[in-house]
Each structure stands twice: as structure tokens, then as C-alpha cells.
Amino acid sequence: MSIERVRDYFRPLGREGDILEFPVSSATVELAAQAVGVIPARIAKTLSFLVNDGCVLIVAAGDTQEQAREMTGHTVGGVCPFANPEGVRTYLDVSLKRFGTVFPAAGSSNSAIELTCDELTEYSHCEGWIDVCKGWQTEDSGV
């Protein structure tokens, strides 16, 4: 959704002029909090999920962790397909297969490991490969 569409949405409500634009990135909770000048908890982050061929959005406070730590043992930013508790199911999206190697996180927000897709399949003990991510298969992607 473009900022113009959002402005159009807020125009009938008289709020289009209230939209903030920053000269710096606000792509993460921390960056957004710095740009706005508030604590990270006040940033309303939107998470998207594909459910039954439809999109579900969940808006949560910036300081929430969506139970990632409790469910995987890894904090947000470091959630990875390795060393997870029993019962956590992992699937790999086919969008990864276009690369010779990929870099999944390795349990912290400042770690990664380079693996081939075969290694990722083996080490993650995945349930299988799925095709849920869209927009990466373009004619001129060069991959």
C-alpha cells in the first residue's frame, strides 16, 4: 500500500495531514521509535500472515515478542529453524531455492549461518518445502 493510498484513506477523516514522513528509515521498531521520538512500545507494528489463501494482519505494540521466545527459545530477530523446542514445525519456502546459499539467523539478532538449501533442509528438520511467498518470481529478477 502506497503512502498516497493511505493519504486518500485518511482524507475524508480530515487526518491526511497528520501522516509523518521521515528523512531516515523507520523500517524497524527501533528505527521508528527513534524517528518519532517515542519509546519502542508505542510503535504499532503490523505483522502479516498467510492464512487459508488470505492475508491476516495483526497489529501489536512494538515491545511485544509474539511469544517467539517462549515458543522457539529465540528472540525476535534471531528466530531460526534450528534448536527449537519439540513440536515446533518448520517449513521452507521455495523462494529460497533460487540461491546457492542462504543466511538464516542463528539464534540472535546479530548472527547468521551460510547454508546450501540441502543443508538447510537437513539441519532444520523441516516438514517440507512450501510455496507461500509471492512477488519474488519476476521475469527480470536475474536469478
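Trainee: How many disulfides does a search of the whole structure find?
Mentor: It finds 0 disulfides. Keep in mind that this is a predicted model.

Trainee: What would count as one?
Mentor: A pair of cysteine sulfur atoms within 2.5 Å. A disulfide is a covalent bond between the sulfur atoms of two cysteines.

Trainee: Why is Cys80 called buried?
Mentor: Its relative accessible area is 7%. Buried means under 20%, so Cys80 qualifies.

Trainee: And what makes Cys117 buried?
Mentor: Cys117 has a relative accessible area of 11%. That is also under 20%, so the label is buried.

Trainee: Which residues form the largest nonpolar core?
Mentor: There are 8 residues: Cys80, Phe82, Leu92, Val102, Ala105, Leu115, Leu120 and Cys126.

Trainee: What makes such a set a core?
Mentor: The residues must be buried and nonpolar by the list used, and joined through side-chain atoms within 4.5 Å.

Trainee: What is Cys126 in contact with, beyond its neighbours within four places in sequence?
Mentor: Thr90, Leu92 and Thr121. Leu92 is itself one of the core residues.

Trainee: Take Thr90 next. Where does Thr90 lie, and is it buried or exposed?
Mentor: Thr90 lies in the loop between H3 and S3. Its relative accessible area is 12%. The limit for buried is 20%, so Thr90 is buried.

Trainee: Which residues are in contact with Thr90, leaving aside neighbours within four places in sequence?
Mentor: Pro81, Ser124, Cys126, Glu127 and Gly128.

Trainee: Why is Ser124 called buried?
Mentor: Ser124 has a relative accessible area of 5%. Leaving aside neighbours within four places in sequence, its contacts are Pro81, Phe82, Thr90 and Leu92.

Trainee: His125 follows in the numbering. What makes His125 exposed?
Mentor: Its relative accessible area is 65%. Exposed means over 50%, so His125 is exposed. His125 lies in the loop between helix H4 (117-124) and strand S4 (128-130). It has a positive phi of about 55°, although it is not a glycine.

Trainee: How do you know that Ala83 is exposed?
Mentor: Ala83 has a relative accessible area of 73%. That is over 50%, so it counts as exposed. Ala83 sits in the loop between helix H3 (68-72) and strand S3 (91-93). Its phi is positive too, about 55°, and Ala83 is not a glycine.

Trainee: Which residue with positive phi follows H2?
Mentor: Gly37, with phi near 90°.

Trainee: Which residues of helix H2 are buried?
Mentor: In H2 (residues 29-36), these are Val29, Ala32 and Ala33.

Trainee: How do you know that they are on the same side of H2?
Mentor: They cover an arc of only 100° around the axis, so they fall on the same side of H2. An α-helix has 3.6 residues a turn, so residues three or four places apart point the same way.

Trainee: How many aromatic pairs does the count give?
Mentor: It comes to 1 aromatic pair.

Trainee: Why is the pair of Tyr9 and Phe10 called edge-to-face?
Mentor: The ring centres of Tyr9 and Phe10 are 5.2 Å apart and the planes stand at 85°. The limits are centres within 6.5 Å and planes over 60 degrees, so the pair is edge-to-face.

Trainee: What are the accessibility labels of the two?
Mentor: Tyr9 is exposed, at 56% relative accessible area. Phe10 is at 29%. That value lies between the 20% and 50% limits, so Phe10 is partly exposed.

Trainee: Why does Lys45 count as buried?
Mentor: Its relative accessibility is 15%. The limit is 20%, so Lys45 is buried. Lys45 lies in strand S1 (residues 44-51).

Trainee: What does the secondary structure of the chain come to?
Mentor: 4 helices and 4 strands. Along the sequence the pattern is α-α-β-β-α-β-α-β. Of the 143 residues, 20% count as buried.

Key. This is a predicted model: local features need pLDDT of at least 70, side-chain atom pairs count only at pLDDT 80 or more; totals for chains, interfaces and linings use all residues. Side-chain values use heavy atoms; hydrogens and water are left out. Helices (H or I, at least four residues) and strands (E, at least two) are DSSP runs, numbered from the N terminus. Buried means under 20% relative accessible area, exposed over 50%, partly exposed in between (1.4 Å probe, protein chains only). Contact means heavy atoms within 4.5 Å. The arc is that of the directions from the helix axis to the C-beta atoms. Rings of Phe, Tyr and Trp (its six-membered ring) pair if their centres lie within 6.5 Å; planes under 30 degrees apart count as stacked, over 60 as edge-to-face and the rest as tilted.
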